[in-house]
Amino acid sequence: MSAAVAPFVDSMRAAALPASGIGWLDNSRAEALQAFVASGLPNTRDELWKYTALRALEQRSYVARDENAATSVVDEGTIALPGVDGPRLAFVNGVFHADLSRLDDLPQGLDVQPLARALAENPEPLRFLLTRRAAEPRDAFAALNSALARDGALVRVAPGAQIHAPLHVVHLGASADSPVAWHARGFVEICEGARLHIVEHHAAAGEHAHLANFACEYTLHKAARLDLLAVQDAAPGATLFRRSDFQLHEDAHVALHALEIGGALARHELRVALDGDRSRAETRGAFALRGRQHADTELLIEHRGRDTASDSLWRGVADGRTRGVFHGAITVHQGADGADAQLSNKNLLLSEGAEIDTRPALEIHADEVKAAHGATVGQLDERVLFYLRSRGLPAETARMLLVRAFCAVALGGVEPQVLREHCDALLLAHLPRSEEQP
Amino acid sequence: MLKIDNLHVRVAGREILKGLSLEVKPGEVHAIMGPNGAGKSTLGNVLAGRAGYEVTQGSVTYDGTDLLQLEPEQRAAAGVFLAFQYPVEIPGVNNTYFLRAALNAQRKARNEPELDSREFIGLVREKLKVMQLSPELLNRAVNEGFSGGEKKRNEIFQMAVLEPKLAILDETDSGLDIDALKQVAEGVNALRDPGRAFVVITHYQRLLDYIVPDFVHVLADGRIVESGGAQLAQELEAHGYAWVRGRNPAEAAA
């Protein structure tokens, strides 16, 4: 650990751990914190952090919790999403918020609980979940998350249950007296033949510069299906580290859509493990950046089962003096014969000052594999802009029409339609001068 | 309606138009013919307002205003339409959506009420009588995967919906077989109107068998070197462009 990371680490170390007194939990938290302190923050010499420097973060310090979070008054309108009116699990600054949540009358077969409550009531069943990864080498923020998470989402779908109404999991960053660093975890288990739709929603109430660290593990048992829409619309000053791990057993299927528009610095690590035969993953995502935002998406897909499939389509739009990073890596392991792996990442620079770094990577150690990957960074085509303008569309309308079309392939599969249109509108509204949209 | 006076235009530092003058009145159809490299497409692009065309001398007046001062979308709203020689493909932008957005943007700029989707569909049905396009093409992305003929018919269909006052057709006949050529010409003829003028830019006389112009102009080396009636096109076809150069040695050399 270098001296430079001291303020950040000290503020984390000073964070009083959530009271527990549970031996195994205390130990695993202490180990994880020790691992973080030993490694410090990742730096750009680390290949996975090459384009995302955390120097500015090293100098900051945070308080460990917002004492008022659980009881803060939040206008429900700030988290409402069209087409999402089923059960809701809401956290404000990392702490469960009962008033914003809707956990009564859960559909049969769906179990949703805040993690802190489950730990307080009956910790033993969580022992495996909370300690199984402690021994693995993990990145700094995952370690920090294991050490400091106070709360989170605990979701289970019983075998065969088909849960169609989306479960709204809200992480709201709300104004507080000082910047807060909050860490939350999630465990989502979808049992055999079951189906779940989740909308993971990072939203903001008021200005703040909090640090949010959310790590969620999804386990899809045999023939389970997960539809996940992740809308990241955090406060402009916020720092976000997210990690989503998906483990798929045979015939399991995950369809992910990710929209990234918020935060000053936002990093999302996605790890998809296609362990079971015939498991498959579709990942789609789009980011739109303005001002001086920095967004970094890291997508690592591992094909291990036979006849597995992954199809990934990601789009990035960068304006102003922003920087977008996409790292998509697919590994087809030995024995994963018959894998089909497709990855496309296209990016659009809307200004001279914006920068996008994209690194697709493909590693194949199996036979009969179909794989393709490609990445581009370009600008709006002047010929197309002129064509649209020559038909009467004002220049800005024409630009927005093209940006929307560019991202449509990534968000076109979002269901229901009202939610897709909302995502579309969020994305366009985030880019400057979009008010002329016809 | 349109008055081009002594127009000089540079593209990438090279002078392409060298003193072109032309006057077009409402209801007239003017054909601009000429060999490759004469500046035909430059004329179309500079009238529609494409970037990269530097006017160094001369003027273009349209309905009494300085056309060159207007942005491309302002020209469109004022009634100028360019049918592109190479219509672009726009993946992800629905043909019908785009056309309605364009029409409503023009109407908004002219302080006319915008059309709702029901009114627009009605208009599309009516205009499909002018230029047949399969509903499948209407619902696809703009020009994406269209054949050459379908792209050109889509241009004429757009023109029918947008109802411009001045339509410039830039080599709309290029790459068309005879059937497609006839269809395009029929579409254009259906839109001929005492209030609407056409400038038909073409390399070959063939199109003018079907769209019979009121005037034919020969553009060579950046200026109009010969003007006449519809029969001039036939003479050109018979004798070739060298014939015009031979008749106007001083101008052709200038």
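This is a predicted model: local features need pLDDT of at least 70, side-chain atom pairs count only at pLDDT 80 or more; totals for chains, interfaces and linings use all residues.
Buried residues make up 53% of the 254 residues in chain B.

Chain B contains 10 helices and 12 strands. Its radius of gyration is 18 Å, close to the 18 Å that the globule rule gives for 254 residues, so chain B is as compact as a globular protein of that length. Taken along the principal axes, the C-alpha atoms of chain B fill a box of roughly 60 × 40 × 35 Å. The accessible surface of this chain comes to about 10800 Å², and 48% of that belongs to carbon and sulfur atoms. If we take the contacts in chain B between residues at least 6 apart in sequence, 69% of them join residues at least 24 apart.

Let us turn to chain A. Here there are nine helices and 19 strands. The radius of gyration of chain A is 21 Å, close to the 22 Å that the globule rule gives for 438 residues, so this chain is as compact as a globular protein of that length. The C-alpha trace of chain A spans about 70 × 55 × 50 Å along its principal axes. Of the 438 residues, 58% count as buried. The accessible surface of chain A is about 16900 Å², with 48% belonging to carbon and sulfur atoms. Among the contacts in chain A between residues at least 6 apart in sequence, 86% join residues at least 24 apart.

Next, I would like to consider the sheet in chain A. In what order do its 10 strands lie? The order is S2-S1-S5-S7-S9-S11-S13-S15-S17-S19; the sheet is open, and its pairing is mixed. At the edges are strand S2, residues 95–96, and strand S19, residues 370–379, each of which pairs on one side only.

Please look now at strand S9 of chain A, residues 225–232. Seven of its eight residues are buried, so the strand is largely enclosed by the rest of the structure. Strand S7, residues 195–205, runs parallel to S9(A), and eight bridges join the two. S9(A) also pairs with S11(A) in the parallel sense, over eight bridges. One residue lets us follow both pairings. Asp227(A), in S9(A), has His197(A) opposite it, and Asp227(A) also stands opposite Ala255(A) in S11(A).

Further along the sheet, strand S15, residues 309–318, and strand S17, residues 340–349, run parallel and are joined by 10 bridges. Within this pair, Arg315(A) has Lys346(A) in S17(A) as its bridge partner. Helix H8 of chain A packs on the sheet, touching S11, S13, S15 and S17. The direction of H8(A) makes about 155° with that of S15(A).

I would also draw attention to strand S8 of chain A, residues 211–220, where Thr219(A) is found. Is Thr219(A) buried or exposed? With a relative accessible area of 12%, Thr219(A) falls under the 20% cut-off, and it is therefore buried. Beyond residues up to four places away in sequence, Thr219(A) touches several others, including Arg132(A), Val188(A) and His249(A).

Phe214(A) lies in the strand S8 as well. This residue is buried, with a relative accessible area of 3%. Although Phe214(A) and Arg185(A) are 29 residues apart along the chain, their C-alpha atoms are separated by 5.6 Å. Arg185(A) is one of the residues in contact with Phe214(A), and among the others are His171(A), Glu200(A) and Phe241(A).

Finally, I come to the nonpolar cores. The largest has 72 residues, and those with the most contacts inside it are Leu388(A), Leu393(A), Ile4(B), Leu20(B), Ile90(B) and Leu166(B). Which element gives the largest share of this core? That element is helix H8 of chain A, residues 395–411, which contributes 10 residues. Apart from this core lies another, of 55 residues, among them Leu248(A), Ala266(A), Ile301(A) and Phe326(A). Returning to Ile4(B), and leaving aside its neighbours within four places in sequence, we find this residue in contact with Leu20(B), Ser21(B), Leu22(B), Leu43(B), Leu47(B), Ser59(B) and Val60(B).

How values were computed:
Residues are numbered from 1 along each chain as its sequence is written. Chains are lettered from A and ligands numbered from 1 in the order in which they are written. Side-chain values use heavy atoms; hydrogens and water are left out. A nonpolar core is a set of buried Ala, Val, Leu, Ile, Met, Phe, Trp, Tyr and Cys residues joined through side-chain atoms within 4.5 Å. Buried means under 20% relative accessible area, exposed over 50%, partly exposed in between (1.4 Å probe, protein chains only). Helices (H or I, at least four residues) and strands (E, at least two) are DSSP runs, numbered from the N terminus. Contact means heavy atoms within 4.5 Å. Two strands pair if DSSP finds at least two bridges between them. Axes are lines fitted to C-alpha atoms, for helices over the stretch in contact, and angles run from 0 to 180 degrees between N-to-C directions. The radius of gyration is taken over C-alpha atoms; the globule rule is 2.2 Å times the number of residues to the power 0.38. Accessible areas come from the Shrake-Rupley method with a 1.4 Å probe; for residues, only the protein chains shown count as cover.
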